[in-house]
Amino acid sequence: MREGLLRASVRDGGFAAGWWGRGMLGGMSGEEYMRMAVEEARVAQGAGEVPVGAVVVASDGRVIARAGNRTIRDCDPTAHAEMVALREAARALGNYRLSGVTLYVTIEPCAMCAGAMIQARVARLVYGADDPRGGAARSCFGVLEHPALNHKVEVTAGVLAGECGAVMRGFFAAKR
């Protein structure tokens with residue numbers, strides 16, 4: 001089901017607790033979830049999209065949704081990997097509130113995607129490489145930590161940053 005990009009895989013067992021990869025009892029580590037996001041980024045790149053991948057993980061360690069960028073294929077400026085994955089996760093759970101989920105993304109999210117995370121009540125964001133030109137978690141803006149907001153998203157940056165950044169750099173180097 002590559003075209004739909006839901007590719008939700010419900011896992012038996014597993015319990016995610018603690019920081020992004022520690023405290024996993026029979027579940028996957030944060031790096032393994034990020035590798036799934038990198039895989040989605042590579043699929044997007046193969047389709048001519050900017051290579052960004054995202055994976056939504058429930059608090060029990062189940063992968064709810066995973067996606068890559070689809071802006072060109074869908075002719076939709078909002079079809080960033082994060083947005084597509086959040087939409088699919090909401091459909092899969094039957095609720096627009098995604099309380100307790102962790103969103104793994106290869107690159108620091110933009111302001112639009114950060115806003116969607118706040119609206120969805122995402123508990124935690126784990127991302128790979130910083131985006132110094134548009135990152136809204138910390139590089140350009142601190143959207144997720146703004147004091148006026150009623151929901152805060154816990155942020156962990158730098159998971160597989162080298163690999164995530166290399167995918168983006170390779171994509172843009174090939175375009176030049």
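Reader: Hey, how many helices and strands does the protein chain have?
Author: The protein chain has five helices and six strands. Keep in mind that this is a predicted model.

Reader: And what pattern do they follow along the sequence?
Author: Going along the sequence, you get β-α-β-β-α-α-β-α-β-β-α.

Reader: Ok, let's look at α5. Which residues are buried there?
Author: In α5, the buried ones are C164, G165, V167, M168 and F171. They cover an arc of only 150 degrees around the axis, so they sit on the same side of α5.

Reader: Why would residues a few places apart point the same way?
Author: An α-helix has 3.6 residues a turn, so residues three or four places apart point the same way.

Reader: Which residues are exposed on the other side of α5?
Author: Over there, G162, R169 and A174 are exposed.

Reader: What should the 15 residues of α5 span, at 1.5 Å a residue?
Author: Helix α5 (residues 161-175) should span 21 Å, and its end C-alpha atoms are 21 Å apart, which agrees.

Reader: Switching to the whole chain: what share of the residues count as buried?
Author: Of its 176 residues, 46% count as buried.

Reader: And what about the accessible surface of the protein chain?
Author: That comes to about 8200 Å², with 54% belonging to carbon and sulfur atoms.

Reader: Last one, what share of contacts join residues at least 24 apart?
Author: Taking contacts between residues at least 6 apart in sequence, 58% join residues at least 24 apart.

Methods:
Residues are numbered from 1 along each chain as its sequence is written. This is a predicted model: local features need pLDDT of at least 70, side-chain atom pairs count only at pLDDT 80 or more; totals for chains, interfaces and linings use all residues. Side-chain values use heavy atoms; hydrogens and water are left out. Helices (H or I, at least four residues) and strands (E, at least two) are DSSP runs, numbered from the N terminus. The expected span of a helix is 1.5 Å times one less than its number of residues. Buried means under 20% relative accessible area, exposed over 50%, partly exposed in between (1.4 Å probe, protein chains only). The arc is that of the directions from the helix axis to the C-beta atoms. Contact means heavy atoms within 4.5 Å. Accessible areas come from the Shrake-Rupley method with a 1.4 Å probe; for residues, only the protein chains shown count as cover.
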